[in-house]
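Please walk through this structure with attention to its pocket, its surface and its charged pairs.

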Amino acid sequence: VVGKGNAKSRNYPHTLIIDRKGTKEKAFELARFLELPHSSVITHKEARSSSIEDVILLLGKDYKRINR
């Protein structure tokens with residue numbers, strides 16, 4: 001974990017895992033751990049990004065049912 005914070009919007013009906021590196025391996029691993037479908041993983045790779053995180057987890061309105 002390199003940081004935490006609030007998303008710019010709270011209008012996420014479903015939890016999303018954003019792959020920042022373009023490999024999806026770690027994003028799919030997190031999805032399996034949280035018992036989320038592979039469809040919850042999206043890739044958003046920026047060409048000149050200085051970001052160090054591999055994935056970003058956006059908790060949606062469904063977060064209370066995850067991993068129960």
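The place of L59 is in the segment after β3. The model is a predicted one, and in it L59 has a relative accessibility of 52%. Exposed means over 50%, so L59 counts as exposed. Together with L57 and Y63, L59 makes a nonpolar surface patch of about 290 Å².

Strand β3, residues 55–58, gives the most to the lining, with four residues. Sorted by class, the lining has nine nonpolar, five polar and six charged residues.

The charged pairs come next. The structure holds two salt bridges. In one of them, the side chains of E53 and R20 meet at 3.4 Å, N to O. E53 lies in the loop between β2 (41–43) and β3, while R20 is in the loop between β1 (16–19) and α1 (25–33), so this pair ties together parts that are 33 residues apart in sequence. R20 has a relative accessible area of 12%; buried means under 20%, so R20 is buried.

The side chains of K26 and D54 also meet in a salt bridge, at 2.8 Å, N to O. This pair links distant parts of the chain, with K26 in helix α1 and D54 in the loop between β2 and β3, 28 residues apart. K26, at 48% relative accessibility, counts as partly exposed, and D54 is partly exposed with a relative accessible area of 27%.

Note on methods: Residues numbered from 1 in each chain as written. Predicted model: local features only at pLDDT ≥ 70, side-chain atom pairs only at ≥ 80, totals over all residues. Heavy atoms only, no water. Helix = DSSP H or I, 4+ residues; strand = E, 2+ residues; numbered from the N terminus. Nonpolar A, V, L, I, M, F, W, Y, C, P; charged D, E, K, R; others polar. Patch = residues over 30% accessible without salt bridge, like charges linked within 9 Å, V, L, I, M, F, W, Y side chains within 5 Å. Areas by Shrake-Rupley, 256 points an atom, 1.4 Å probe, with all protein chains shown as cover. Salt bridge = Lys/Arg side-chain N within 4 Å of Asp/Glu carboxyl O. Buried < 20%, exposed > 50% of the residue type's maximum accessible area, 1.4 Å probe, protein only.
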